[in-house]
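Trainee: Could you take me through one part of this model closely? I would like to look at the surroundings of the ligand and the helices beside it.

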Amino acid sequence: MKPQKFSLLERFKSFKYAFDGYHYLFKEEHNSRIHLFFTVLVIILGFVFRINYLEWIVVLFAIALVIITEILNTTIEKLADFVSPEKNIKIKIIKDLAAAAVFTSAIISVVIGLIIFIPKLFQIL
Ligand SMILES: Nc1ncnc2c1ncn2[C@@H]1O[C@H](COP(=O)(O)OP(=O)(O)OP(=O)(O)O)[C@@H](O)[C@H]1O
C-alpha cells in the first residue's frame, strides 16, 4: 500500500469518528450513562472538597479506566454479535470476560473514590 501524505483534514476526521463513538456509547449503552453520572459527580466532589493534584490524577485515571473498559466491552459485544448472532458458548465466554473487565474497573474506582472522599466527609461532619 502507498504511504499516505499527512493531512490535517484526515486528522480532524479521526477526531470526529472518536466523537461518533462517544455518541453511540452514551446513546445506546445504558451502563455508560450510569458511569457518566458518577464521573460528573466525582468531578464536582473533587472541586467541592478541593482534592490535591495527586488525588486529581488518581481520580482521573480511575475515570479513564472505567470509560475505556466500557468502550472496549461495547466494542467486543458488537463484534461478537456481528460475528455470531446466534447463541454460542464461546461468545458467552468472550462477553463474560469483557463484562468482568468493566466490573473490575468499576469496583476498583469505587474503592479509590471511597479512600479519597470518606476521610474528607468525616472532616466536615
Ligand atoms: N451470542 C451469545 N451466546 C451466548 N451467550 C450470550 C450471547 N450473547 C450474550 N450472551 C450472554 O448474555 C450476557 C449479556 O450479553 P449482552 O450482549 O446482552 O450484553 P449486555 O447485557 O447488553 O451488556 P451491557 O449491559 O454491557 O450492554 C453475556 O455476558 C453472555 O453471558
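Mentor: Start with the classes: Ala, Val, Leu, Ile, Met, Phe, Trp, Tyr, Cys and Pro count as nonpolar, Asp, Glu, Lys and Arg as charged, and the others, Gly among them, as polar. This is a predicted model, where local features need pLDDT of at least 70, side-chain atom pairs count only at pLDDT 80 or more, and totals for chains, interfaces and linings use all residues. Residues are numbered from 1 along each chain as its sequence is written.

Now the ligand. Its shell has six charged, four polar and two nonpolar residues. A residue is near a molecule if its C-beta atom, placed from the backbone, lies within 6 Å of it. Glu29, Asn31, Asn73, Glu77, Ser84, Lys87, Asn88, Ile91, Lys92, Lys95, Asp96 and Ala99 surround the ligand.

Which helices supply at least two residues each? They are α3 (53-83) and α4 (89-124). Helices here are DSSP runs (H or I, at least four residues), numbered from the N terminus. The most comes from α4, with five residues.

Next, see how these two helices pack. Two packed helices are described by the angle between their axes and the distance between the axes. Axes are lines fitted to C-alpha atoms, for helices over the stretch in contact, and angles run from 0 to 180 degrees between N-to-C directions. The axes of α3 and α4 cross at roughly 165° and come within 9 Å. So α3 is roughly antiparallel to α4 (angles over 145 degrees count as such). In their contact, 17 residues are nonpolar, four polar and four charged.

UniProt, in an unreviewed entry, places "transmembrane region" at residues 34-51, 57-76 and 97-118. Its positions use the numbering used here, feature names are shortened, and annotations may be inferred rather than shown by experiment. Residues 57-76 are 100% helix and 0% strand, with end C-alpha atoms 28 Å apart. Residues 97-118 are also 100% helix and 0% strand. There the end C-alpha atoms lie 31 Å apart.

Finally, look at Glu70. The unreviewed UniProt entry places "binding site" there. Glutamate 70 sits in helix α3. Is glutamate 70 buried or exposed? Glutamate 70 counts as buried because 22 C-beta neighbours lie inside 10 Å. The cut-offs are 20 or more other C-beta atoms within 10 Å for buried, 12 or fewer for exposed, and in between for partly exposed, with C-beta atoms placed from the backbone.

Definitions and conventions: Parallel < 35°, antiparallel > 145°, perpendicular 65-115°, else oblique.
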